[in-house]
Amino acid sequence: MKRDLISINDLTRSDIERYLAQAAAIEAVPRRDKMDILRGYILLEMFFEPSTRTKLSFEAAMRRLGGDVMGFSDVSTTSVKKGESFLDTVHTVENYADIMVIRHAQEGTARLAAEASRLPVLNAGDGTNQHPTQTLLDMYTIQKFFGRVQDLKICLAGDLRYSRTVYSLLKTLMMFEGNEFLLCSPESLRVPSYLKYDEDGRRQSFVETDDLAAAVKNCDVLYVTRIQRERFADSVEYQKVKNVFELDAAMLEGARPHMKVLHPLPRVNEIKPDVDVTPHAGYFEQVFNGMIMRQAVLMHHLGVTL
Amino acid sequence: MNQTHQHLYIPKIESGVVIDHIPAGLGPRIVEIIHAHPGLEKAMVSLGLNYGSTKQGRKDMVKVHDHRLPDTVLEQIALVSPGVTIKRVEGFEVTARIVLQPPHKIVGLGRCRNPNCVTNTEAAVTTRFMAVDNKALKFRCGFCERVFRLRDMEFVLPRSAWRKGCKR
């Protein structure tokens with residue numbers, strides 16, 4: 001039976017642990033020794049929406065395991081432009097590859113493709129809904145930095161109301177015992193209340209604040225997301241909030257020595273460049289981990305083992 | 001006006017089904033669902049509106065004479081009005097009584113209210129919604145994963161012949 005990766009909501013704790021273990025295993029293999037693992041397999045990238053990191057990361061992951069990549073990232077060069085339906089596009093291109101990765105502006109497209117296609121489908125972002133490999137790579141990054149994904153104090157900062165990254169990461173971290181959450185956002189961008197309960201309806205340990213400077217000093221992981229201008233009706237309000245949620249190196253003085261700053265990227269102003277050279281910056285390593293996790297995902301969903 | 005008195009407005013039925021505790025205003029919609037079902041188009045139905053109710057304040061009531069209601073009709077009624085009481089009547093006596101529970105899954109009857117959900121642009125997709133919180137009557141779209149309250153959801157239920165073409 002084919003395996004799809006569509007939503008974090010479909011995964012159990014043991015699924016997450018398996019992905020983490022698989023990523024660690026593939027990272028441990030020297031680069032030269034894994035150049036043939038996916039030889040003969042073709043990854044089809046269907047990017048109906050622009051992407052830098054995710055697309056290149058999947059490509060690098062596939063190529064470094066010896067596989068081939070084809071696809072498109074500009075819909076105007078495809079028959080979709082001529083009015084072809086999404087499902088017809090899926091049924092056509094599935095004949096050319098072994099696995100497909102889809103990014104689309106509409107929510108539910110990856111699920112629809114997965115149900116229609118005989119190929120394994122990986123969701124690389126469906127509108128504001130899900131981006132499961134981002135969550136998996138975030139978890140892998142935390143696992144690598146701390147040797148565990150539980151018993152941690154995690155501060156999520158920025159836009160916690162509209163960010164799909166935050167939803168999925170929060171939900172996943174809540175599967176593991178002992179995690180405490182510090183939710184740092186402007187009042188208008190707080191986490192929706194239903195996200196504060198785990199699968200069994202238990203309320204999780206949350207502290208909500210809008211004081212980023214204080215939160216920085218009191219966590220193991222600081223996960224920053226971008227505050228988007230379009231979420232504010234009033235541009236004055238946006239400017240006010242934006243400046244409060246900018247992290248610079250000076251704010252990191254007094255942070256726990258092992259504390260790591262993560263960000264799904266791209267960043268705009270929310271992390272100043274002077275943070276990059278501090279030992280707390282973890283976001284570029286996070287990018288590298290993304291490629292490793294996607295190697296693990298590609299192998300798992302193609303049914304290939306080390 | 002006491003309850004015994006108001007029952008005079010819809011006489012007891014000898015056999016059939018009584019749908020009670022319908023929130024006021026939903027009675028006509030339920031009659032419409034019943035009449036739209038093949039085989040029930042000509043069923044004799046009594047409809048009572050705005051009865052006094054100690055629990056609900058006001059309620060509607062529907063009596064279907066000499067017919068039973070198939071499961072598909074009950075499923076559709078459960079969407080527009082979960083919690084109504086269904087009583088089977090034989091020989092003027094109530095022989096069975098159930099409280100209609102909200103469904104666990106709604107397939108092919110709902111339209112996703114997220115305008116950016118793929119089900120609203122791909123013509124061939126059958127929608128589905130799964131209950132995520134049965135107490136609060138919340139359902140998650142099987143595609144875009146957005147969660148909606150049952151009372152906010154839109155359903156594409158069959159309409160009876162006499163209402164076809166009318167605006168909702």
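**A sheet in chain B**

Author: Strand 1 (residues 16-23) and strand 4 (residues 85-90) of chain B pair in the antiparallel sense, and five bridges join them. Keep in mind as you look that this is a predicted model. To find your place in the pairing, pick out I19(B): it stands opposite I86(B), which belongs to strand 4 of chain B. In general, the strands of a sheet pair through backbone hydrogen bonds, and the pairing can be parallel or antiparallel.

Now step back to the whole sheet. It is an open sheet of five strands in chain B, ordered 2-3-1-4-5, with antiparallel pairing. At the edges you find strand 2 (45-53) and strand 5 (93-99) of chain B; each has a single partner strand, so one side of each has no neighbour in the sheet. Going from one strand to the next, the twist averages 20 degrees.

Helix 2 (residues 27-36) of chain B lies across strand 1, strand 2 and strand 3 (57-65) of chain B, and its direction makes an angle of about 20 degrees with strand 3 of chain B. Helix 3 (residues 71-80) of chain B also takes part. Its buried residues are V73(B), L74(B), Q76(B), I77(B), A78(B) and L79(B). They pack against strand 1, helix 2 and strand 4 of chain B, and also against strand 6 (105-107) and strand 11 (154-155) of chain B.

Read from the N terminus, its elements run α-β-α-β-β-α-β-β-β-β-β-β-β-β. Chain B has 168 residues, and 44% of them count as buried. Among contacts in chain B between residues at least 6 apart in sequence, 59% join residues at least 24 apart. While you are in chain B, find R128(B) as well: its charged end sits over the ring of F143(B), 4.7 Å from the ring's centre.

Finally, a brief visit to chain A. This chain is divided into domain 1 (8-131 + 288-302) and domain 2 (132-286). The C-alpha centres of these two domains of chain A lie 26 Å apart, and their contact takes 30 residues from domain 1 and 26 residues from domain 2.

With a relative accessibility of 0%, F47(A) counts as buried. Leaving out residues up to four places away in sequence, F47(A) touches several others, including T54(A), F72(A), V101(A) and A124(A). F47(A) and M100(A) are 53 residues apart along the chain, while 10 Å separates their C-alpha atoms.

There are aromatic rings to look for too. Ring pairs link F48(A), F72(A) and F86(A) into a cluster. R18(A) lies over the face of Y19(A), at 4.7 Å from the ring centre.

Key:
Residues numbered from 1 in each chain as written. Chains lettered and ligands numbered in written order. Predicted model: local features only at pLDDT ≥ 70, side-chain atom pairs only at ≥ 80, totals over all residues. Heavy atoms only, no water. Pairing = 2+ DSSP bridges. Helix = DSSP H or I, 4+ residues; strand = E, 2+ residues; numbered from the N terminus. Axes fitted to C-alpha atoms, helices over the stretch in contact; angles between N-to-C directions. Contact = heavy atoms within 4.5 Å. Phe/Tyr/Trp six-rings, centres within 6.5 Å; stacked < 30°, edge-to-face > 60°. Lys NZ or Arg CZ within 6 Å of the ring centre and 35° of its normal. Domains from an automatic or database assignment. Buried < 20%, exposed > 50% of the residue type's maximum accessible area, 1.4 Å probe, protein only.
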